[in-house]
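Thanks for asking me to look this over.

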Amino acid sequence: MTVPRTTRTRVPARPTSAKQHQRYARILRAAARLGAEHGLERMQMHDVARESGVAIATLYRYFPSKAHLFAAVMHAQVRRLDADTPPPEPGTGPVDAVTGLLTGASRQLFEQPLLALAMMQSHNVVHTGAGGPARSTDEILTDLVLRTAGVTDPSEQDRRVVRILAQAWYGLLTTVLYERSSAEAAQDGIGLACRLLLGPVLTERRV
């Protein structure tokens, strides 16, 4: 029997039980490995299902498309970055602290360019996080940057500036991943963006 195609994207299922969360994590690990090897276009969902040990129907229940899958991989990686980032060294200014955070994260992404590009492309299409989280990928990154800058009581203006900085960061990453710029030029651009955007607004708010 042929299943008719629908133009409406299914709402992704959310893992609830411990077993489902383990299965979900296996899928993300398999997608990250295969994405790093093949990229978005060449990676096949059947390969992810086989490597993670789940039925293809289960995979599609959680991730209706490859874009949903790689957006979830990005969400997981940003959550890990948030959890693993230590406080800045004492005496580090907010601009230098955030510059170090973003340049360090960039270096890790450049080590796996196919996966990084797959995540960036998917993040532009799918604006929800993994499994309907309380905080989206962008919100987690915004909170991490503000925390790294030492801002404990951010205003909406602070958040807006950080969101603009994140967009500039994504743009600089993309130029490298599409081989239109060098990693060194992007790192310099990240430092400049942090100085121009964060310097005037956040320096005096550090506590």
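Predicted model: local features only at pLDDT ≥ 70, side-chain atom pairs only at ≥ 80, totals over all residues.

1. Side chains of opposite charge can pair when their charged atoms come close. I pick out three of these pairs below.

2. Let me start with R33 and E51, whose side chains form a salt bridge at 2.7 Å, N to O. R33 belongs to helix α1 (residues 18–42) and E51 to helix α2 (residues 45–52), so this pair ties together parts that lie 18 residues apart in sequence. R33 is partly exposed, at 42% relative accessibility. E51 is also partly exposed, with a relative accessible area of 38%.

3. Helix α2 also holds a pair of its own. The side chains of R50 and D47 meet in a salt bridge, with 2.4 Å from N to O. Three residues separate the two along helix α2, which means about one helical turn lies between them. How accessible is R50, buried or exposed? R50 counts as exposed, at 59% relative accessibility, while D47, at 26%, counts as partly exposed.

4. Next, please look at R135 and D82, whose side chains form a salt bridge at 3.5 Å, N to O. R135 sits in the loop between α6 (113–125) and α7 (137–148), and D82 is in helix α4 (residues 66–84), so the pair ties together parts 53 residues apart in sequence. R135 is partly exposed, at 33% relative accessibility. D82 has 15% relative accessibility and counts as buried, because buried means under 20%.

5. Which residues does the network around D82 and R135 join? Through salt bridges that share partners, D82, R135, D143, R147 and R159 are linked into one network.

6. Finally, helix α4 itself, where D82 is found. α4 has 19 residues and spans 27 Å from its first C-alpha to its last, close to the 27 Å expected at 1.5 Å a residue. Its buried residues include A67, H68, L69, F70 and A71, as well as V78 and D82. What do the buried residues of α4 pack against? Their packing partners are α1, α2, α6, α7 and α8 (156–177).

Key. Residues numbered from 1 in each chain as written. Heavy atoms only, no water. Salt bridge = Lys/Arg side-chain N within 4 Å of Asp/Glu carboxyl O. Helix = DSSP H or I, 4+ residues; strand = E, 2+ residues; numbered from the N terminus. Buried < 20%, exposed > 50% of the residue type's maximum accessible area, 1.4 Å probe, protein only. Expected span 1.5 Å × (residues − 1). Contact = heavy atoms within 4.5 Å.
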